[in-house]
Amino acid sequence: MDGRKLLNALTVAERLKDTTRHCYTSGGRHESVAEHSWRLALMAYWVSDEFPELDMNKVIKMCLIHDLGEAFTGDIPTFEKTAQDEQKETQLLFLWARSLPEPFGSEMCELYQEMDARKTPEAKLYKALDNLEAVIQHNESDIKTWLPNEYELNLTYANDKVLFSAYLIRLRELIRQNTQEKIAAAQKEREP
């Protein structure tokens with residue numbers, strides 16, 4: 001990619017370092033979208049041995065680019081995001097992605113379409129990991145930062161996304177156990 005165009009694209013992507021998500025880190029500050037995307041990509045890399053038949057390079061690309069639309073709209077928690085919010089984010093993202101030099105503009109648009117359709121094993125894995133990473137982060141944050149609806153959400157979020165993989169079903173159960181232990185410890189702490 002031409003140096004000037006690369007710098008311009010990186011400037012847009014840099015916005016995600018300052019775009020915070022609803023969730024907190026274990027250190028007590030809001031997590032950034034960039035941090036979520038980074039750890040999601042790392043997670044995909046670390047589970048690649050469980051999915052040798054998949055194009056993990058594609059999965060990692062999906063993880064890295066999946067929230068770039070939030071550079072234009074900010075992050076809206078899944079339980080607050082409307083269809084109109086999603087449509088606006090998609091329009092702005094595709095407009096920007098199409099402005100990128102080839103082959104990146106076309107490749108990113110194709111990846112976004114594949115991710116949205118969630119028909120391929122790669123897109124299914126990316127989405128399952130995306131949801132699981134969010135629950136893991138909630139488990140790592142102070143439970144005092146959780147909203148009331150997140151107690152149940154942390155127990156059920158991603159359940160439908162992991163059904164295609166026995167490995168992910170087991171991983172989801174481990175994460176659920178962590179959630180249950182966190183909730184139980186918080187309840188015990190509140191007892192007189």
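In helix 9, the buried residues are Leu168, Leu171, Arg172, Ile175, Arg176, Thr179, Ile183 and Ala186. The model is predicted. An α-helix has 3.6 residues a turn, so residues three or four places apart point the same way. Cover for the buried residues of helix 9 comes from elements that include helix 2 (33-46), helix 7 (121-140) and helix 8 (148-156).

Helix 9 spans residues 166-190, 25 residues in total. From its first C-alpha to its last, helix 9 reaches 36 Å. This is close to the 36 Å expected at 1.5 Å a residue. A side-chain contact is present at the start of helix 9. There, a side-chain oxygen of Ser165 comes to within 3.3 Å of the backbone nitrogen of Tyr167.

Ile143 sits in the loop that joins helix 7 and helix 8. Its relative accessible area is 12%, so Ile143 counts as buried, the cut-off being under 20%. Leaving aside residues up to four places away in sequence, Ile143 touches Tyr151, Lys182, Ile183 and Ala186. Of these contacts, Ile183 and Ala186 are among the buried residues of helix 9. Between the C-alpha atoms of Ile143 and Arg4 there are 44 Å, and 139 residues along the chain.

Helix 1 (residues 3-18) gives the most to the patch, with three residues. Leu10 belongs to helix 1. The relative accessibility of Leu10 is 48%, so this residue counts as partly exposed.

Technical notes
Residues numbered from 1 in each chain as written. Predicted model: local features only at pLDDT ≥ 70, side-chain atom pairs only at ≥ 80, totals over all residues. Heavy atoms only, no water. Helix = DSSP H or I, 4+ residues; strand = E, 2+ residues; numbered from the N terminus. Expected span 1.5 Å × (residues − 1). Buried < 20%, exposed > 50% of the residue type's maximum accessible area, 1.4 Å probe, protein only. Contact = heavy atoms within 4.5 Å. Polar contact = N/O pair within 3.5 Å; in protein donor to acceptor, adjacent residues only side chain to side chain.
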